[in-house]
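Hello,

Here is the structure we talked about handing over. My notes on it follow below.

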Amino acid sequence: MDILLIGGGLAGLAAALDLARRGHQVAVVERKQYPFHKVCGEYVSNEVLPYLRRLGADPAELGPAAISRFLLSSPGGRILTSPLDLGGFGVSRYVLDDFLYQKGLAAGVTFHLKSTVTDVAFDPAANRHTVTLADGRTLAARVVLGTYGKRANLDRQLQRPFFAQRSPYLGVKYHLRLPGFPRDVIALHNFADGYAGISAIEEDKLCFCYLSTRQNLKTHGTIPALERQVLARNPRLREILDAAEVLYPQPEVINEISFAPKQPVEQHVLMCGDAAGLITPLCGNGMAMALHGAALAAAAADGFLAGRTSRVQMEADYARAWQAQFGARLRVGRAVQQLFGGPLLSEAVVGGLRYWPGAVRALMRRTHGQPF
Ligand SMILES: Cc1cc2nc3c(=O)[nH]c(=O)nc-3n(C[C@H](O)[C@H](O)[C@H](O)COP(=O)(O)OP(=O)(O)OC[C@H]3O[C@@H](n4cnc5c(N)ncnc54)[C@H](O)[C@@H]3O)c2cc1C
């Protein structure tokens, strides 16, 4: 195999499709089976559209919501609104990831589904990687991309420092129906130690997704109690929670969401998407970064596989391109996350920003990229 991708989320699926279309033999190992739900706000910045269209995967086929306005509320319910300069679209990960998977299959990508990678090792003598799966199988590849998301046991195996630091954040997501909610708005509502995003996706559905802390959940015991006793103190969230029809039997929940810096290359594996660094969900740019990272990784791997660059050059080029594209965005994202760290601070920040609309748009520009 020329190239193997560990994880078939947005970064893995886009890079696989890109590399297959460049004529390489590509395999993706994904621990789940498509389609499946994922904790994610499901708002995608329009910066990704040219790339997805070049890959023959125009999301317009999925009937996404076109989103052009932003609304932010403080824990007390004070509101600021702003146009979104570039805008975005809303589509569920259930639909979007499956769409890219189907495109990958059609382009000749080999998928190993319901398979988990437990180990990756580089053999310098053979100049290739051996990847071990949980069922004991091994796969060999000249290039490996780490596209396995925010956190996996592989990070421990690769001795990545962030893995040892615990993160207080957890994420919850489900779909709603709420007649009257405008389809062109992404709303972010703050509450004590967290914030919730709500925006339209395909059909007449909305994605409701929030970031809170393990401590918040521990104090209140259950997700419904957390929502009633903490989220609903924001009157805007109370209106939503009171009126919405919940479309999931159980919410999706994940924990240990870390925004700690990571390296884009580890032991000759090119890390891509959240495996290379996660921007705070407040910025709504993680999916665009995963797709843009896929474009950078695919270009770097293509140069090596086609014999134009050495492995050393491929890794150095990728790390440089990755830092140039995402380094500053991640730093600003971490600072923004701190601003919304507590109820008093986020009340003051939203209160101040209401009178300073230029600052809101400047923050958005610094946490988003250009169309690629
Ligand atoms: C609460 C929250 C809200 C968010 N909201 C938004 C938003 O509105 N807009 C936005 O742009 N971004 C948002 N993001 C960020 C966005 O979800 C991520 O940046 C994006 O999903 C990254 O894609 P990825 O391909 O790197 O990882 P993922 O999409 O997580 O894919 C990783 C894949 O790897 C698989 N995997 C993991 N380990 C293994 C293994 N060992 N072997 C095989 N497979 C494995 C997983 O099953 C998964 O399918 C949000 C994040 C959070 C936490």
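**Ligand site**

A polar side-chain atom of Arg-93 sits 2.7 Å from an oxygen atom of the ligand. That is a polar contact, meaning a pair of N or O atoms within 3.5 Å; within protein, one must be able to donate a hydrogen and the other to accept it, and residues adjacent in sequence count only if both atoms are side-chain atoms. This is a predicted model, in which local features need pLDDT of at least 70 and side-chain atom pairs count only at pLDDT 80 or more, while totals for chains, interfaces and linings use all residues. Residues are numbered from 1 along each chain as its sequence is written, and side-chain values use heavy atoms, with hydrogens and water left out.

The backbone also reaches the ligand: a polar backbone atom of Gly-286 is 3.2 Å from a ligand oxygen atom, and a backbone N or O atom of Glu-42 is 3.4 Å from an oxygen atom of the ligand. Taken alone, the ligand exposes 1000 Å², and the protein buries 96% of that (accessible areas by the Shrake-Rupley method with a 1.4 Å probe).

The elements that give two or more residues to the shell around the ligand are α1 (10–21) and α8 (286–305). Helices here are DSSP runs of H or I with at least four residues, strands are runs of E with at least two, and both are numbered from the N terminus. The largest share, three residues, comes from α8. In total 34 residues surround the ligand, and the closest are Glu-30, Gly-41, Tyr-43, Arg-93 and Asp-274; a residue is near the ligand if one of its heavy atoms lies within 4 Å of it. By class the shell has 16 nonpolar, twelve polar and six charged residues. In this scheme Ala, Val, Leu, Ile, Met, Phe, Trp, Tyr, Cys and Pro count as nonpolar, Asp, Glu, Lys and Arg as charged, and the others, Gly among them, as polar.

**Loop between β2 and β3**

Glu-42 lies in the loop between β2 and β3, and its phi is near 65°, a positive value in a residue other than glycine. Pro-35 is in the loop between β2 (26–29) and β3 (43–45). A cis peptide bond joins Tyr-34 to Pro-35, with omega about -10°.

**Cavity**

There is one cavity of 30 Å³ or more. A cavity is a set of points, on a 1 Å grid over the protein atoms alone, where a 1.4 Å probe fits but cannot get out; lining residues have an atom within 4 Å of a point. The largest cavity holds about 30 Å³ of space, and its lining consists of Gly-273, Gly-277, Met-289, Gly-293, Trp-322 and Phe-326. Elements giving two or more residues to that lining are α8 and α9 (311–339).

**Segment after α11**

His-368 lies in the segment after α11. Its side chain reaches the backbone oxygen of Cys-283 at 3.2 Å and makes a polar contact with the side chain of Thr-367 at 3.3 Å.

Regards

Key
1 Å grid on protein atoms, 1.4 Å probe; cavity = no way out; pocket = protein on both sides within 12 Å on 5 of 7 lines; lining within 4 Å. Points joined across faces, edges and corners; volume = space filled by probe spheres on them.
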